[in-house]
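Keep the sequence and the model side by side as you read.

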Amino acid sequence: MSLSTACRGPFPQSTLAPKADYGVAIDRLFTGIFWWAVVVFVVVEGLLLISVLRFREREGAPAPKQRHGNTALEIAWTLAPALILVFIAVPTVQTIFATDRAPPDALRVEVIGHQWWWEYRYPDLGLVTANELHLPVGRSVAVDITSADVIHSWWTPALGGKRDATPNHHTRLVFRPDTIGEYLGQCVEFCGVSHANMRLRTFVESDADFQTWAAAQRATPAPPAPESPEEAGRQAFRRYGCIGCHTVAGFSSGRLGPDLTHVGGRSTIAAGLVTNTTEHLRDWIDDPLALKPGTLMPDMHVSAPDLPALVAYLQSLK
Ligand code: CUA
């Protein structure tokens, strides 16, 4: 609908400018229901206005003729809403079934909600990342959603669909992104103090860009040069116990926090809270609770000389 153009610009999380088949299907349902609602509104308010004006009290006029029961009218106003509900229900149910089918060549992605970040696993590609999802344009994605702790909900409005991430339960979402771009989303189920800080970002890329990204993600980062600040940072990463929670392929295998194997290549850190800059990385490691209240990442009291080394190491993990 034409509203969608008006709502595109300053509202990055609008559902009115869908960028995937699922989003388009939901938008179509929304548009249909919207116009049925307009028809009902106009008819009901119109009849109300006519009644108010035509049968209003006039000086000296006799009371209007009283009516009791009108079979034709009663059948009409029972049938009309029932029919409208059928016109809404049939396309809705059709959409539910149509959007539940994953084509055999769909890209499989596992989404795991954590307090307060998103884990993404691509089982067919053998790669794991966090918070920033990359998808190839024009290919169906079959997303399997679950949670490692409490109930979260995964939603990228432009792509359509909203699914709860429930522990010990798997929900599915199938969609095919149709436009290259960066789409914002967030957790939409209250999941603790940093619920609002649990954001997500989806990059829809050309197939070539996606393949390049996937190949880079699969690569194990080369160890830093001896004596370099990055190597000092890597030692600090071990010494401060970061290895207990974070995986860096070829170096550590912690599973509690996000996989950091390629953290240097992400555009944001801390579940999309801030851009991935030297300053933000430093502040985040220095005082994680200041940025994300309740975060399970403790303040490790990293010393002033170790902090820049740690940041340099993380930035080198492209
Ligand atoms: Cu996770 Cu709200």
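Start with Glu182 and Arg201. In this predicted model, their side chains meet in a salt bridge, at 2.7 Å from N to O. The pair links distant parts of the chain. Glu182 sits in strand S9 (residues 181-187), and Arg201 sits in strand S10 (residues 199-205). The two are 19 residues apart. Now look at the surroundings. Arg201 is buried, because its relative accessible area is 17% and the cut-off is under 20%. Glu182 is partly exposed, at 42% relative accessibility.

Why do such pairs form at all? Side chains of opposite charge can pair when their charged atoms come close.

Move on to Asp124 and Arg108. A salt bridge joins their side chains, with 2.9 Å from N to O. This pair also links distant parts of the chain, 16 residues apart. Arg108 belongs to strand S1 (residues 107-114). Asp124 lies in the loop between strand S2 (117-122) and strand S3 (127-130). Asp124 counts as partly exposed at 46% relative accessibility. Arg108 counts as partly exposed at 41%.

Next comes Arg282 with Asp283. They form a salt bridge whose closest N and O atoms are 4.0 Å apart. How accessible is Arg282? Its relative accessibility is 35%, so Arg282 is partly exposed. Asp283, at 41%, is partly exposed.

Finally, find Glu119, Arg121 and Arg255. A network of salt bridges links these three residues. How many salt bridges are counted? The count comes to 9.

Terms used
Residues are numbered from 1 along each chain as its sequence is written. This is a predicted model: local features need pLDDT of at least 70, side-chain atom pairs count only at pLDDT 80 or more; totals for chains, interfaces and linings use all residues. Side-chain values use heavy atoms; hydrogens and water are left out. Helices (H or I, at least four residues) and strands (E, at least two) are DSSP runs, numbered from the N terminus. Buried means under 20% relative accessible area, exposed over 50%, partly exposed in between (1.4 Å probe, protein chains only).
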